[in-house]
Amino acid sequence: MGPTKVIVKRDALYDVNTGALLKAGLATQKEQEDYATHHYIVLPVLDHAGRPWLLDGKPVYCLRGSRYETSDDEVVHLARCPDCGGMCISTDEVTMERDCIRCTGCGHEFESRLEMMES
């Protein structure tokens with residue numbers, strides 16, 4: 001059982017599963033992040049432009065720094081794009097010598113093992 005996953009609507013945080021209001025009056029992203037830091041909740045992952053990551057229409061959450069899950073606790077293998085901060089997924093044409101991933105936002109394609117070693 002992990003932290004409560006929330007969604008942001010205007011200036012309020014809601015439980016993603018029940019729709020229950022958790023906290024209102026959080027006007028800025030900084031206020032929302034501060035509230036999440038002091039409570040056992042997790043906000044959806046955002047790209048650099050502030051858009052949430054969505055996988056099959058479900059928000060994506062980052063737990064423990066590198067573990068990504070959807071709102072229904074499905075673990076997904078994703079990475080953050082170094083250019084736009086968007087969601088990167090594995091490409092279909094995986095070969096033995098390369099494991100390519102592509103950003104769904106900007107289309108940047110890179111080798112995931114190389115990026116992991118650099119970070």
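The following dialogue explains how to read several features of a predicted model.

Colleague: On what basis are the features counted?

Modeller: This is a predicted model, in which local features need pLDDT of at least 70 and side-chain atom pairs count only at pLDDT 80 or more, while totals for chains, interfaces and linings use all residues. Residues are numbered from 1 along each chain as its sequence is written, and side-chain values use heavy atoms, with hydrogens and water left out.

Colleague: How many salt bridges does the structure hold?

Modeller: A salt bridge is a side-chain nitrogen of Lys or Arg within 4 Å of a carboxyl oxygen of Asp or Glu. The structure holds 7 of them. One of these joins the side chains of Lys-5 and Asp-73, with N to O at 2.7 Å. Lys-5 belongs to strand β1 (residues 4–9) and Asp-73 to the loop between β7 (67–70) and β8 (75–76), so this pair ties together parts that are 68 residues apart in sequence. Strands (E, at least two residues) and helices (H or I, at least four) are DSSP runs, numbered from the N terminus.

Colleague: Are Lys-5 and Asp-73 buried or exposed?

Modeller: Buried means under 20% relative accessible area, exposed over 50%, and partly exposed in between, with a 1.4 Å probe and protein chains only. Lys-5 is buried, at 6%, whereas Asp-73 is exposed, at 52%.

Colleague: Where do Lys-30 and Asp-34 lie?

Modeller: Both are in helix α1 (residues 29–38), 4 residues apart, which means a separation of about one helical turn. Lys-30 is exposed, with a relative accessible area of 54%; Asp-34 is partly exposed, at 33%.

Colleague: Which residue forms a salt bridge with Glu-109?

Modeller: The partner is Arg-102, and the closest N and O atoms are 2.2 Å apart. Glu-109 is partly exposed at 34%, and Arg-102 is partly exposed at 35%. Elsewhere, salt bridges that share partners join Lys-5, Arg-67, Glu-69 and Asp-73 into one network.

Colleague: What does the side chain of Asp-15 reach?

Modeller: A polar contact is a pair of N or O atoms within 3.5 Å; within protein, one must be able to donate a hydrogen and the other to accept it, and residues adjacent in sequence count only if both atoms are side-chain atoms. The side chain of Asp-15 reaches the backbone nitrogen of Asn-17 at 2.7 Å, and one of its polar atoms lies 3.2 Å from the backbone nitrogen of Thr-18. Asp-15 is found in strand β2 (residues 12–15). Asp-15 is buried yet has no salt bridge, and the nearest side chain of opposite charge, Lys-5, is 9.8 Å away. For charge, Lys and Arg count as positive and Asp and Glu as negative; His and the chain ends are not counted.

Colleague: How many bridges join β10 to strand β11?

Modeller: Two strands pair if DSSP finds at least two bridges between them. Here 3 bridges join β10 to strand β11 (residues 100–103), and the two run antiparallel. Within this pairing, Ser-90 stands opposite Ile-101 in β11. Strand β10 (residues 87–90) is also joined to strand β9 (residues 79–80), by 2 bridges and again antiparallel, with Ala-79 opposite Cys-88 in β10. β9 and β10 form a hairpin with 6 residues between them, and Gly-85 in the turn has a positive phi of about 80 degrees.
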